[in-house]
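Biologist: I am new to this one. Please show me the sequence and structure, and then I will ask about its side-chain links.

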Amino acid sequence: MRRIVGIVSASLIALGAVAIGAAPASAGPHGPGGPGGPGGPSHGGNRPHSRPHTPPPSQLQISAIQYDSPGRDDRSNASLNAEWVSIVNNGQRPVNLRGYTIEDQAGRVYTFGNTWIDGDGGRVRLLTGPGRNSGNTVHWNSRNYVWNNNGDVAVLSGPRSRAIDSCGYRQQNGRIRVAC
Ligand SMILES: [Ca+2]
């Protein structure tokens with residue numbers, strides 16, 4: 001009897017060892033790879049989780065700068081207003097530019113008021129000189145030129161000072177405007 005009991009208990013211990021040994025092995029795949037199902041569990045599981053952390057690219061961009069007013073720089077209203085920067089909205093929805101800013105390399109800042117820019121390629125043009133805003137045209141109301149003829153950088157920022165886009169240029173003979 002003792003021997004039999006000994007054999008039985010020995011085999012129980014052996015079974016236990018197998019069960020203990022098997023437990024972590026079978027639990028393992030249910031950890032990271034479990035929900036992924038058959039085939040490429042870890043990659044399939046990670047991809048959807050990483051999407052919300054990627055910020056969507058802005059649909060607003062600086063599209064062009066006419067930095068050198070045609071003719072002499074005489075600081076007339078007409079000459080000042082022949083200097084401008086244009087913004088395009090490549091998104092589908094209209095955007096209110098209130099609080100958005102345009103800044104040059106010297107730190108001059110224009111802050112947009114209640115100005116809507118249409119979606120699907122809608123544009124707003126910011127003229128340097130004085131005047132009344134109308135339609136897609138707004139005025140910086142500056143009495144001096146903003147965009148240097150020999151090179152400058154325009155930066156478009158959102159309402160929380162987050163830079164969205166920039167456009168830099170250098171002087172080039174015979175050119176008065178740059179596409180960004
Ligand atoms: Ca200029």
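Biologist: How many disulfides does the count come to?

Modeller: First, this is a predicted model, where local features need pLDDT of at least 70, side-chain atom pairs count only at pLDDT 80 or more, and totals for chains, interfaces and linings use all residues. Residues are numbered from 1 along each chain as its sequence is written, and side-chain values use heavy atoms, with hydrogens and water left out. A disulfide is a pair of cysteine sulfur atoms within 2.5 Å. By this rule the count is one.

Biologist: Which residues does the disulfide join, and what parts does the pair tie together?

Modeller: Cys-167 and Cys-180 are joined, S to S 2.1 Å. Cys-167 lies in strand S10 (residues 163-170) and Cys-180 in the segment after strand S11 (177-179), so the pair ties together parts 13 residues apart in sequence. Strands are DSSP runs of E, at least two residues, numbered from the N terminus. The joined residues are Cys-167 and Cys-180.

Biologist: Is Cys-167 buried or exposed?

Modeller: Buried means under 20% relative accessible area, exposed over 50%, partly exposed in between (1.4 Å probe, protein chains only). Cys-180 has 43%, so Cys-180 is partly exposed. Cys-167 has 5%, so Cys-167 is buried.

Biologist: Which side chains meet in a salt bridge?

Modeller: A salt bridge is a side-chain nitrogen of Lys or Arg within 4 Å of a carboxyl oxygen of Asp or Glu. The structure holds one. At 2.5 Å, N to O, the side chains are those of Asp-104 and Arg-108.

Technical notes: Helix = DSSP H or I, 4+ residues; strand = E, 2+ residues; numbered from the N terminus.
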